[in-house]
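Here are my notes on the model you sent over, in the order I'd go through them on screen. Have it open next to you as you read.

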Amino acid sequence: MFKKKIFGGVLSLSWALGLFAAPAAYAGPMDGNSSDVMLQGFHWRSTETYPWWGVIQGKAADIKNSGFTMVWFPPSGDSAAKEGYLPRQLYGQSSSYGTDVQLKSAIGALRTYGVKSIADIVVNHRVGTTSWGDFTNPTWGTWSVVRGDEWTSATGNYDTGDGFNAARDLDHTNVTVQNDIKAWMNWLKSSIGYDGWRYDYVKGYAGSYVGNYNTGTVPYFSVGEIWTDLNLNDVNPHRQLIMNWINATGGNSTAFDFTTKGILQQAVQYNEFWRLKASDGKPQGAIGWWPAKSVTFIDNHDTGPSSPSGGQNHWPFPSDKVMQGYAYILTHPGIPCVYWVHFYDWGHGAAIKSLMAARREKGVTSTSAVNIVAADSSKYAAIITGNTGSLAMKIGYGAWSPGAGWTLVNSGTNWAVWKQ
């Protein structure tokens, strides 16, 4: 679901800057494996291919053989919107993507190949079964909606985050709401087969509640979507906000690295590769501060295109430079997430597979060290040290080579990756 467009201009938030970076104390059990690579298993128009669960099931073996360890599913429950982002009856798991039986079959097929399934959890808001707030399955009253919501009957406490006007904002301070959400999520694990969570629109409620829900459900992996405005000329407030949210969860969740997406697409589009190197010599995005908690990506169902055409395209990566983006995120620390459309529909699958294989072969993980050797107006180049070897990469039109002793993994227009 589209929540908020990120602009390349002025940050709309006022921010008091303190110490940057993040504590290294957390090594939470909800970060998956440091070598994980996730596939976003849908796009905005996936419901037009019915049942989409059958598509995922049919590709289970290929997903595994390509090197993915996790698949992010779209919201699989009953929803007032076909895409799933206006949840209605939480326990109803037949949707525009397919029936609950087909959903379980898709998850089961992935599990057969050792691939984890990540549920898209939409708990910021909910719609009534037939009207504004007649919630059923589970049944909640007016007390479950925050005071000040568009629904004037709401009697809950005030919101702990940003409002969302397309549905009723839930009162996460309410213990019944909390317990029912945890019970439902544990049911998604035990009865449907999910292994972890992707939290939608987490700026809509305090991060402490995600920490609470994860403590109560113990997922294999958790990632939150905190999407806010980005000032390209001062990225620290943006990534600090991501750090603050992760801290608010008690370190119990990773977060999508929207900072890296923003500066990376600016860099490749306008030959501003110098943006990718921070003043401390590290990567400029969230991966420069807390890579183990940062999920990198090029596009998703909100920001990018769908297949075969259309889609939301709210903040798309330059379409002719997508592989430059993947040459970056698949060699760098963080937990990479590959977009279904790029992998299966745009013809980049073979190239992406080769980079994933090199990442795996050389033991590059979410915390691998990066030595940035060039970051100027024509190129960005870096050497990444893995557990069993190293990778070198270059994006941009400028010439660069790591020198003797390196083997080319793959290359294309304005990108190349080597291994040693």
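1. Start at Ser 253. Beyond its neighbours within four places in sequence, Ser 253 is in contact with Val 210, Asn 214, Ser 222, Val 223, Gly 224, Trp 245, Ile 246 and Lys 293, where contact means heavy atoms within 4.5 Å. Ser 253 sits in the loop between α6 (236-248) and β8 (254-256); helices (H or I, at least four residues) and strands (E, at least two) are DSSP runs numbered from the N terminus. Ser 253 counts as buried because its relative accessibility is 0%, buried being under 20% relative accessible area, exposed over 50% and partly exposed in between (1.4 Å probe, protein chains only). Its side chain also makes a polar contact of 2.8 Å with the side chain of Ser 222. By polar contact I mean a pair of N or O atoms within 3.5 Å; within protein, one must be able to donate a hydrogen and the other to accept it, and residues adjacent in sequence count only if both atoms are side-chain atoms.

2. A word on what we're looking at. This is a predicted model, so local features need pLDDT of at least 70 and side-chain atom pairs count only at pLDDT 80 or more, while totals for chains, interfaces and linings use all residues. Residues are numbered from 1 along each chain as its sequence is written, and side-chain values use heavy atoms, with hydrogens and water left out.

3. Now the barrel. Eight strands close up in the order β1-β2-β3-β6-β7-β8-β9-β10, with parallel pairing; two strands pair if DSSP finds at least two bridges between them. On average, neighbouring strands of this sheet are turned by 25 degrees against each other, direction ignored. Strands β1 (residues 38-40) and β10 (residues 335-339) run parallel and are joined by three bridges, with Leu 39 partnered by Val 338 of β10. Helix α4 (residues 175-192) lies across β3 (116-121) and β6 (196-199), at about 130 degrees to β6. Axes here are lines fitted to C-alpha atoms, for helices over the stretch in contact, and angles run from 0 to 180 degrees between N-to-C directions.

4. On charges, the structure has 16 salt bridges, each being a side-chain nitrogen of Lys or Arg within 4 Å of a carboxyl oxygen of Asp or Glu. Take Arg 168 and Asp 149, whose closest N and O atoms are 2.6 Å apart. Arg 168 is in strand β5 (residues 168-169) and Asp 149 in the loop between β4 (125-126) and β5, so the pair ties together parts 19 residues apart in sequence. How accessible is Arg 168, buried or exposed? Arg 168 is buried, at 6%, and Asp 149 is buried too, at 9%. There is also a salt-bridge network linking Asp 120, Arg 198, Asp 200 and Glu 225.

5. Compare the salt bridge between Lys 321 and Asp 320, at 3.1 Å between the closest N and O atoms. Lys 321 counts as buried at 17%, whereas Asp 320 is exposed at 59%.

6. Then have a look at β15. The side chains of Lys 419 and Glu 361 meet in a salt bridge (3.0 Å, N to O). This pair links distant parts of the chain, with Lys 419 in strand β15 (residues 415-419) and Glu 361 in helix α10 (residues 349-361), 58 residues apart. Lys 419 is partly exposed at 24%, as is Glu 361 at 40%.

7. β15 has antiparallel partners. One is β13 (residues 390-395), over five bridges, with Ala 392 partnered by Trp 418. Another is β14 (residues 407-412), also over five bridges, where Ser 411 stands opposite Ala 416. β14 and β15 form a hairpin with two residues between them, and Asn 414 in the turn has a positive phi of about 65 degrees.

8. Last, the packing. In the largest nonpolar core, of 109 residues, Phe 73, Tyr 326 and Ile 395 touch the most other members. Such a core is a set of buried Ala, Val, Leu, Ile, Met, Phe, Trp, Tyr and Cys residues joined through side-chain atoms within 4.5 Å. Apart from it lies another core, of six residues, including Leu 86, Phe 164, Ala 167 and Tyr 201.
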